[in-house]
Amino acid sequence: MSSGDSNPAATPTPCDDIHGDGRWISLHNRFVSDSKGKEPDVLFVGDSLVQLMHEFEVWRNLFSPLHSLNFGIGGDATQHVLWRLTNGELDHICPKVVVLWVGTNNHGHTPEQICGGIMAIVNVINKHLPQTHVLVLGVLPRGKSPNPLRERNARVNTLVQAELASLSYASLLDVDPGFVQSDGSISHQDLYDYLHLTAQAYQKVCQPIYTRIKALLETHTP
């Protein structure tokens with residue numbers, strides 16, 4: 001049994017079509033098609049936190065001018081992103097920076113498994129695009145009050161940070177501006193459903209992402 005087989009979070013897996021409308025595979029196919037003829041400097045890939053970013057002014061103001069593509073799909077876990085990237089989404093583009101934001105939807109997986117899934121994605125990107133820097137965004141806290149998923153996500157970030165520490169082609173950026181308040185709660189004004197970001201929260205999160213991407217683009221050597 002390979003390491004991928006032993007870790008479901010690191011085994012490329014297409015998303016189950018539980019709704020029966022084929023949306024997930026249709027989005028994947030559109031991303032593959034959209035990437036042909038494009039020359040993005042930056043690729044964002046991940047779950048709904050990436051996908052929804054595209055709907056806000058912060059995308060138009062900060063990331064569109066950087067020639068960015070958005071390959072986010074709501075509900076994706078690490079194994080789904082891994083499948084997408086190994087099935088064509090990287091084949092026609094050569095971005096200087098790939099921004100990866102995934103992990104909060106890996107329900108039933110341990111922090112170690114989720115970290116393994118994230119690292120498997122990093123490795124696939126590096127194999128396809130050896131000159132590209134992979135910027136992994138830290139998994140955010142979730143839920144109105146303290147809960148096991150918050151603890152899991154924090155542990156994932158610690159593990160990923162340790163894994164990336166020795167890699168020149170990848171890094172972790174903690175984008176949590178302090179969503180957890182002093183009483184342990186998260187405000188609906190930041191995470192409207194205690195998972196997804198409001199417009200004001202995207203502003204807080206995206207400014208440091210933009211700053212890091214700009215720095216990476218300036219130091220990028222083809």
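This is a predicted model: local features need pLDDT of at least 70, side-chain atom pairs count only at pLDDT 80 or more; totals for chains, interfaces and linings use all residues.
Colleague: In what order do the five strands of the open sheet lie?

Modeller: The sheet is open and its pairing is parallel. Its edges are strand 2 (68-72) and strand 5 (170-173), each of which pairs on one side only. From one strand to the next the twist averages 20°. The order is 2-1-3-4-5.

Colleague: Which residue in strand 3 stands opposite glycine 46?

Modeller: Strand 1 (residues 42-46) and strand 3 (residues 97-101) run parallel and are joined by five bridges. Opposite glycine 46 stands tryptophan 101.

Colleague: Which strands does helix 5 touch?

Modeller: Helix 5 (residues 78-89) packs on the sheet, and its direction makes about 135° with that of strand 1. The strands touched by helix 5 are strand 1, strand 2 and strand 3.

Colleague: What is the handedness of the crossing of helix 2 and helix 5, and how do the contact residues divide?

Modeller: The crossing is right-handed. On the helix 2 side are Trp24, Ile25, His28, Phe31 and Val32, which meet His80, Trp83, Arg84, Asn87, Gly88 and Glu89 in helix 5. The residues of this contact divide into five nonpolar, four polar and two charged.

Note on methods
Residues are numbered from 1 along each chain as its sequence is written. Side-chain values use heavy atoms; hydrogens and water are left out. Two strands pair if DSSP finds at least two bridges between them. Helices (H or I, at least four residues) and strands (E, at least two) are DSSP runs, numbered from the N terminus. Axes are lines fitted to C-alpha atoms, for helices over the stretch in contact, and angles run from 0 to 180 degrees between N-to-C directions. Contact means heavy atoms within 4.5 Å. A crossing is left-handed if the near helix is turned anticlockwise from the far one by less than a right angle, and right-handed if clockwise. Ala, Val, Leu, Ile, Met, Phe, Trp, Tyr, Cys and Pro count as nonpolar, Asp, Glu, Lys and Arg as charged, and the others, Gly among them, as polar.
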